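Trainee: Could we go through this one together, slowly, before I write up my notes?
Mentor: Gladly, ask whatever comes to mind.

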Amino acid sequence: MSISVNHISKHFGAFTALDNISLDIPEGELVALLGPSGCGKTTLLRIIAGLEQADQGDVFLKGDKVTDKPVKNRQIGFVFQHYALFRHMTVFDNVAFGLKVKPRRERLSNEVIAKKVHALLELVQLDWLHDRYPDQLSGGQRQRIALARALAVEPSVLLLDEPFGALDASVRKDLRQWLRNLHHDLNVTSIFVTHDQEEAMEVASQVVVLNHGRIEQQGAPGDIYDHPANAFVSRFIGQTNVFDLDEHDADWLQTAGLSTAQQKGKIAHVRPHDIVIEKSTAGTDTFVTLKDWQHLGSLIRIELVKSGASGQAASVYAEMPNDQFRRLHLNRGDKVELRIRHAHWFH
Amino acid sequence: MRPWVNGFSVNPIFYSVYLQKITDMAQSNIMPGFRPAISFTLVYLALIVLIPLSAMLLKTFELSFDEYWAILTNARVQASFRISFGAALIAAFVAGVFGFIIAWSLVRYNFPGKRLFDALIDLPFALPTAVAGIVLATIYEPRGWIGKIVMDTLDVQIAYKPLGIVFALIFIGLPFVVRTIEPVLQEFDTAMEEAAASLGATRWQAFVKVILPNILPATITGVALAFARGVGEYGSVIFIAGNMPYISEIVPLLIITKLEQYDYAGATAIGLTMLILSFLLLLLINGLQWWVRRRSGQL
């Protein structure tokens, strides 16, 4: 295991930031710590880095117990949320910093350092900015410089705190792709923190979902999406419709083709793309009306209103490809029939 | 009507162009109140700063250049200039070091009585300078509380010596340094320190290579303010200085002495020279600050 965390707990006053967390991350993975704000993900990252001390538990990096090692001896690369570039140094000096502060006997010669720094700057495609100051760079450029600076010390693990949090949406998209490719080339075990599930799914090879200081689920993005371990994960990852059997939805779900008899739980989560819509033929009973729709690029998101005998009006969301929706020739206010293909059941 | 500004006649064409320019700016500016604000600024500048300084300049012109030069090259005058500027410079640097440490403690650490201590920093601003001078002289004189200890152990006399002047000026200059460094230190992004540590820097390296360069421009400003204040300081110095001609006599005291002897031209000649020297030194410090900021990418 490249990074191991054993029974870590951390309290801030009465607030429990981390509650007995254990986590193993194999060599070469790109892991996302995903969770809503205040779930403890940044605290966990900072404890792994050594920027914060856990109340209980141990941290292992490459098999070595580093719990009591200060951050400077942990051989980690840390990319801060707002980059924390040294404002008074040029881009070159920023990246060279980690190499220049080494003890004299370990320090490389200035020529070797310069060579290495330029190679890193070329890796992040910003060598042409080497004599600029951080204030003269765009957000995306600062992000890449911060990454180059962290990589300069050849860290055994790379830790990134909300690496795309402070960027424009378009820059963010590019950088996500870029980070994944970079990780593929360097293959250094990396953890990044994010509250954006889309980002986690797109970039990470493993996702760890945290909530209230506990790990809710850990797994590959596809696994987590297809087999959410609990209601929180199901709601947090992707869109979902929630049907509670206590609110008289059972009959209705049965007419929509979802058997409720042998299920273990009382709450059904249905992904929008697991709902099929058909135009209502004359004579059949239906309680569902098409209210509105939005274009999400290749998909259409359809807002349906379920009303009538089975309880109060409620919105249901469905998704389908553009052309399929066009072929249905639906208008606002049309009665439609639903068919639910799949649901996750929770207590 | 011929417009007069600061006692000098101004070319009417230039003046009308200037007025037109101000009017244009007023119309193109979104911020309201430009005209009253700029009028107030100019009137204030003229009444409080430019007219008194011009009057001093004009009074000095009563002297011929040879007379002016004779006053300046007088040995006693020269000694007092050396003492005033030298003591102010040393005091400003000492206040710079201590002020930095005090500001650091106030921002970075929590300790009981911190707020009280914080309030005490401003005391030299508020205290009548003569009171400060008398207190300092009483404590640091050879038979005073601290003066006696220093005298007995180190055989150094503080009060009634140039060293006393330095002590008084450190006291006066300290709040300038603390109050200029404090807000900058508060705004300093501590993530930069964490970044330095994550890259393997020791705490000392992080301090020297990351914190200090970011705080240096503010420290220079604080030292410059302490220096500027120290050069002109009168009240707190004269009680502790001993005021021995050639040894511990400061320039402001010499000006008072000249005034008491009804030598107004002589007094203004020294005053003007002091003004020019102070102005040049402040320019130099501003240049230094510009250079530091530029070198550290803050411009």
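Trainee: Is K258(B) buried or exposed?
Mentor: This is a predicted model, and in it K258(B) has a relative accessible area of 18%, which makes this residue buried, because the cut-off for that word is under 20%.

Trainee: And which residue does K258(B) form a salt bridge with?
Mentor: The partner is D263(B), and the closest N and O atoms of the pair are 4.0 Å apart. D263(B), for its part, counts as partly exposed, with a relative accessibility of 29%.

Trainee: How many salt bridges does the structure hold over all chains?
Mentor: Counted over all chains, there are 26 salt bridges.

Trainee: Okay, and what does R46(A) meet in a salt bridge?
Mentor: The side chain of R46(A) meets that of E194(B), with 2.6 Å from N to O. This pair crosses between chains, since R46(A) sits in helix 1 (residues 41-49) of chain A, while E194(B) sits in helix 10 (residues 191-198) of chain B. R46(A) is also buried, with a relative accessible area of 16%.

Trainee: What about R179(B), which residue is its salt-bridge partner?
Mentor: R179(B) is paired with D118(B), and their closest N and O atoms are 3.2 Å apart. R179(B) belongs to helix 9 (residues 162-187) of chain B and D118(B) to helix 5 (residues 114-121) of chain B, so the pair ties together parts that lie 61 residues apart in sequence. R179(B) is partly exposed at 23% relative accessible area, and D118(B) counts as partly exposed too, at 25%.

Trainee: Switching topic, how do helix 4 and helix 5 of chain A cross?
Mentor: The axes of helix 4 (residues 139-152) and helix 5 (residues 169-186) of chain A come within 11 Å and cross at roughly 20°. Angles under 35 degrees count as roughly parallel, and therefore these two helices of chain A are roughly parallel to each other. Helix 4 of chain A passes helix 5 of chain A in a right-handed crossing.

Trainee: Which residues meet there?
Mentor: From helix 4 of chain A, G140(A), Q143(A), R144(A), L147(A) and L151(A) take part, and they meet residues of helix 5 of chain A including V171(A), W178(A) and L186(A). The residues of this contact divide into 8 nonpolar, 2 polar and 1 charged.

Definitions and conventions:
Residues are numbered from 1 along each chain as its sequence is written. Chains are lettered from A and ligands numbered from 1 in the order in which they are written. This is a predicted model: local features need pLDDT of at least 70, side-chain atom pairs count only at pLDDT 80 or more; totals for chains, interfaces and linings use all residues. Side-chain values use heavy atoms; hydrogens and water are left out. Axes are lines fitted to C-alpha atoms, for helices over the stretch in contact, and angles run from 0 to 180 degrees between N-to-C directions. Helices (H or I, at least four residues) and strands (E, at least two) are DSSP runs, numbered from the N terminus. Angles under 35 degrees count as roughly parallel, over 145 as roughly antiparallel, 65 to 115 as roughly perpendicular and the rest as oblique. A crossing is left-handed if the near helix is turned anticlockwise from the far one by less than a right angle, and right-handed if clockwise. Contact means heavy atoms within 4.5 Å. Ala, Val, Leu, Ile, Met, Phe, Trp, Tyr, Cys and Pro count as nonpolar, Asp, Glu, Lys and Arg as charged, and the others, Gly among them, as polar. Buried means under 20% relative accessible area, exposed over 50%, partly exposed in between (1.4 Å probe, protein chains only).
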